[in-house]
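Thanks for coming, everyone. I have one structure to walk through today. Have a look at it first.

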Amino acid sequence: MDRPVADIELETMLLGRRMNPGTSRRREGAALDRYSAYVLLSRIRAEGPMSIGQLSDAFGLDASTLNRQTAAMWRAGLVRRIPDPDGGIARKFRITEEGERRLELERLGNIAGLEMVFERWTDAEIAEFAAYLQRFNVGIERIEGRSWPRAADFRQAG
């Protein structure tokens, strides 16, 4: 076993467990579910309205899982269902103003937590880490055949 790869396996497991530093300090109940709402809303923000089929293709999840997750987001007022703007049959999910607001609050909280982690890092070290992390994620996306639309990224589209 290649030792550096084993080290990376451990560190990525720990990263997944600890992701979103500082969120536990935020108001109870205010945080979006990071495994569904945060990621789904981020993708819809990046690409525009998406159907269950498009979300399934983007994430490799089955329709029943996505139906549960989008139904919860709809009940919370984070998305609304709209006719396909391109004239297709399937209805699509569009992020609402409340969804935009909550997503941005969550994103800013995540960034604030990361800034605490990086407070002793130089800007150059942070940029280098970001480049390696992107390269790592792009490698995973290549293997899975599903890429993230980085042009819009997690930032506000438009």
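Let me start with one side chain. Tryptophan 121 is partly exposed, at a relative accessible area of 35%. On the terms: buried is under 20% relative accessible area, exposed is over 50%, and partly exposed is in between, with a 1.4 Å probe and protein chains only. Tryptophan 121 sits in the loop between α5 (97-117) and α6.

Before going on, a word on the source. This is a predicted model, in which local features need pLDDT of at least 70 and side-chain atom pairs count only at pLDDT 80 or more, while totals for chains, interfaces and linings use all residues. Numbering starts from 1 along each chain as its sequence is written, and side-chain values use heavy atoms, with hydrogens and water left out.

Areas come from the Shrake-Rupley method with a 1.4 Å probe; for residues, only the protein chains shown count as cover. Helix α6 (residues 123-144) gives the largest share of the patch, four residues.

Now the overall layout. The protein has six helices and two strands. The order from the N terminus is α-α-α-α-β-β-α-α. Helices (H or I, at least four residues) and strands (E, at least two) are DSSP runs, numbered from the N terminus. Of the 158 residues, 31% are buried. The accessible surface is about 10,600 Å², with 55% of that belonging to carbon and sulfur atoms.

Next, helix α2. It is mostly covered, with nine of its eleven residues buried. Leu40, Ile44 and Arg45 are among them. What covers the buried residues of α2? The cover includes α3, α4 (63-75), β1 (79-82), β2 (92-95) and α5.

Take the α3 side. Helix α2 (residues 37-47) packs against helix α3 (residues 52-59) at an angle of about 110°, with the axes 12 Å apart. So α2 is roughly perpendicular to α3. Axes are lines fitted to C-alpha atoms, for helices over the stretch in contact, and angles run from 0 to 180 degrees between N-to-C directions. Under 35 degrees is roughly parallel, over 145 roughly antiparallel, 65 to 115 roughly perpendicular, and the rest oblique. Val39, Leu40, Arg43 and Ile44 in α2 meet Leu55, Ala58 and Phe59 in α3. Contact here means heavy atoms within 4.5 Å. Just after α2, glycine 48 takes a positive phi of about 95°.

Last topic: salt bridges. The rule is a side-chain nitrogen of Lys or Arg within 4 Å of a carboxyl oxygen of Asp or Glu. How many are there by this rule? Seven.

Glutamate 104 pairs with arginine 45, with the closest N and O atoms 3.3 Å apart. That pair links distant parts of the chain, α5 and α2, 59 residues apart. Arginine 45 is buried at 4%, while glutamate 104 is partly exposed at 22%.

Glutamate 104 also bridges to arginine 107, at 2.9 Å, N to O. These two are three residues apart in α5, so about one helical turn separates them. Arginine 107 counts as buried, at 16%. Arg45, Glu100, Glu104 and Arg107 are linked in a network of salt bridges.
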